[in-house]
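Please read the numbered points below with the sequence and the model side by side. They are intended as a short note to a colleague who is new to structures.

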Amino acid sequence: MPRDDRIEERLQRWAQWVQVGDGSGYPVTSVLHPSWSPPSPGITPTLKVSAGSDVRETHFLVRILPMKLRNAVVVHYCIKGTLAEQGVRLDCAPDTVLGRVERAHQALLQMLEASDVG
């Protein structure tokens, strides 16, 4: 069964959030990093707030997937690499990685549809 485009986009946003955060005001560069410099005089730093998103819900749903599907989603979307590398990390064939990701898509879609009904 083909992947659902909405779930694909949702997982892409989730992976970005997992990797770099949500823009909730934490500095991008540590003050200890050599490239950091204070704001220019007269400029007040502002808190950057991101728009509402579905990533927290996606994070919850990914966490309740069966372990093999959850691991496949994390490796495929967050760690990335070639399918062969993903297969090595997951100790399975590359086709199995794709199959698990597709099953995860279907499971996530079912969970989201079930939550819309209630």
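1. Leu112 touches Ile7, Arg10, Glu57 and Leu61, leaving aside residues up to four places away in sequence; contact here means heavy atoms within 4.5 Å. Leu112 belongs to helix H5, residues 94-117. Helices are DSSP runs (H or I, at least four residues), numbered from the N terminus. With a relative accessible area of 11%, Leu112 is buried (buried means under 20% relative accessible area, exposed over 50%, partly exposed in between, with a 1.4 Å probe and protein chains only). Along the chain Leu112 and Ile7 are 105 residues apart, and their C-alpha atoms are separated by 9.6 Å.

2. A word on the source: this is a predicted model, in which local features need pLDDT of at least 70 and side-chain atom pairs count only at pLDDT 80 or more, while totals for chains, interfaces and linings use all residues. Residues are numbered from 1 along each chain as its sequence is written, and side-chain values use heavy atoms, with hydrogens and water left out.

3. At what angle do helices H1 and H2 pack? Helix H1 (residues 5-20) and helix H2 (residues 55-63) meet at about 95°, and their axes lie 9 Å apart. The axes are lines fitted to C-alpha atoms over the stretch in contact, and angles run from 0 to 180 degrees between N-to-C directions. H1 is therefore roughly perpendicular to H2, a term for angles of 65 to 115 degrees. H1 contributes Arg10, Leu11, Arg13, Trp14, Trp17 and Val18 to the contact, and H2 contributes Val55, Arg56, Glu57, Thr58, His59 and Val62. By class, this contact has six nonpolar, two polar and four charged residues (Ala, Val, Leu, Ile, Met, Phe, Trp, Tyr, Cys and Pro count as nonpolar, Asp, Glu, Lys and Arg as charged, and the others, Gly among them, as polar).

4. Helix H4, residues 83-90, has Gln86, Gly87 and Leu90 as its buried residues. Seen down the axis of H4, these fall within an arc of 100°, so they line one face of the helix; the arc is that of the directions from the helix axis to the C-beta atoms. The face turned away from the buried side carries the exposed residues Val88 and Arg89. Just after H4, Asp91 takes a positive phi of about 60°.

5. Ala72 lies in helix H3, residues 67-79. Is Ala72 buried or exposed? Its relative accessible area is 0%, so Ala72 is buried. Ala72 touches Leu90, Arg100 and Val101, not counting residues up to four places away in sequence. Between the C-alpha atoms of Ala72 and Glu102, 30 residues apart along the chain, the separation is 9.7 Å.

Technical notes:
Helices (H or I, at least four residues) and strands (E, at least two) are DSSP runs, numbered from the N terminus. Angles under 35 degrees count as roughly parallel, over 145 as roughly antiparallel, 65 to 115 as roughly perpendicular and the rest as oblique.
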